[in-house]
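Good morning, and thank you for making time for this presentation. Please look at the model on the screen as I go through it.

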Amino acid sequence: MTLEAAVAVPFRGAGADRMGEGEFVVALSLDRDWFSPDQAKRLVDVATGRGLIAQDDGDLVARFDPAEVSVPADFVPDESVLREQSTFEQVVDALVAGGVEKREAVAAANERQRDLGVTLEAAAVLVARERGVDVDGPAAAARADLLAGGEDR
């Protein structure tokens, strides 16, 4: 996973699973020259949204073991990691990684949505769970969306 590798590198360089946000931004922008400082800050937002890091009192805390992430020696992330994926896209990506063709994953989610009358995100999570694909992070986001929608009614 490119996003996970891009996030792991600064932590690995620091030899820690906790570091200041400024230190993280400097590691990605000045030390590695992968992103501008603004882009590195955007990466913090995306990684936080994906549950890879948490913010705690001005520090960033890895919610995974950076040492366990495979990062090739010639690794350079592209700017696509800065694009935040929707919950649906995250689930579809997990299904594809689990061996399901993308077209089949989207069709199954659409069918489940029609059958059950739930959000597309919830339908995709159901499809993933039925196929044994772990989507706990996106599932929590889909559940939160469902609960928020229920309060408005």
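**A residue in α7**

Leaving aside residues up to four places away in sequence, Leu146 touches Thr119 and Ala122, where contact means heavy atoms within 4.5 Å. Before I continue, please note that this is a predicted model, in which local features need pLDDT of at least 70, side-chain atom pairs count only at pLDDT 80 or more, and totals for chains, interfaces and linings use all residues. Residues are numbered from 1 along each chain as its sequence is written, and side-chain values use heavy atoms, with hydrogens and water left out.

Leu146 belongs to helix α7, residues 136-152. Helices here are DSSP runs of H or I with at least four residues, strands are runs of E with at least two, and both are numbered from the N terminus.

**The chain as a whole**

Let me now step back to the overall picture. The protein chain has seven helices and three strands, and along the sequence they follow the pattern α-β-α-α-β-β-α-α-α-α. Its C-alpha atoms fill a box of roughly 50 × 35 × 25 Å along the principal axes. Of the 153 residues, 37% count as buried. Among contacts with a separation of 6 or more, 56% come from residues 24 or more positions apart.

**The sheet**

In what order do the three strands form the sheet? The order is β1-β3-β2, in an open sheet with antiparallel pairing; two strands pair if DSSP finds at least two bridges between them. β1 (18-20) and β2 (53-56) are at the edges with a single partner strand each, so one side of each has no neighbour in the sheet. From one strand to the next, the twist averages 30 degrees.

β1 is joined by three bridges to β3, residues 59-62, and here Met19 has Leu60 as its bridge partner.

The hairpin of β2 and β3 has two residues between the strands. In that loop lies Asp57, whose phi is near 55 degrees, a positive value in a residue other than glycine. Asp57 is exposed, with a relative accessible area of 77%.

**The helices around the sheet**

Helix α2, residues 21-31, lies across β1, β2 and β3 and runs at about 85 degrees to β1. Helix α3, residues 37-49, lies across β2 and β3, at about 110 degrees to β2. Axes are lines fitted to C-alpha atoms, for helices over the stretch in contact, and angles run from 0 to 180 degrees between N-to-C directions.

How do α2 and α3 pack against each other? Their angle is about 120 degrees and their axes are 9 Å apart. The two helices are therefore oblique to each other: angles under 35 degrees count as roughly parallel, over 145 as roughly antiparallel, 65 to 115 as roughly perpendicular, and the rest as oblique. Glu21, Phe24, Val25, Leu28 and Ser29 of α2 make the contact with Pro37, Ala40, Lys41, Leu43 and Val44 of α3.

The axes of α2 and helix α1, residues 2-14, come within 10 Å and cross at roughly 110 degrees. That makes α1 roughly perpendicular to α2. From α1, Ala6, Val7, Pro10, Phe11 and Ala14 meet Glu23, Phe24, Ala27 and Leu28 of α2.

**Two further residues**

Asp33 lies in the loop between α2 and α3. Its phi is near 60 degrees, again positive in a residue other than glycine, and Asp33 is exposed, with a relative accessible area of 64%.

Finally, Gln90 is found in helix α4, residues 87-97. Gln90 is buried, at a relative accessible area of 14%. Not counting residues up to four places away in sequence, Gln90 touches Arg50, Gln85 and Pro138.

How values were computed: Buried < 20%, exposed > 50% of the residue type's maximum accessible area, 1.4 Å probe, protein only.
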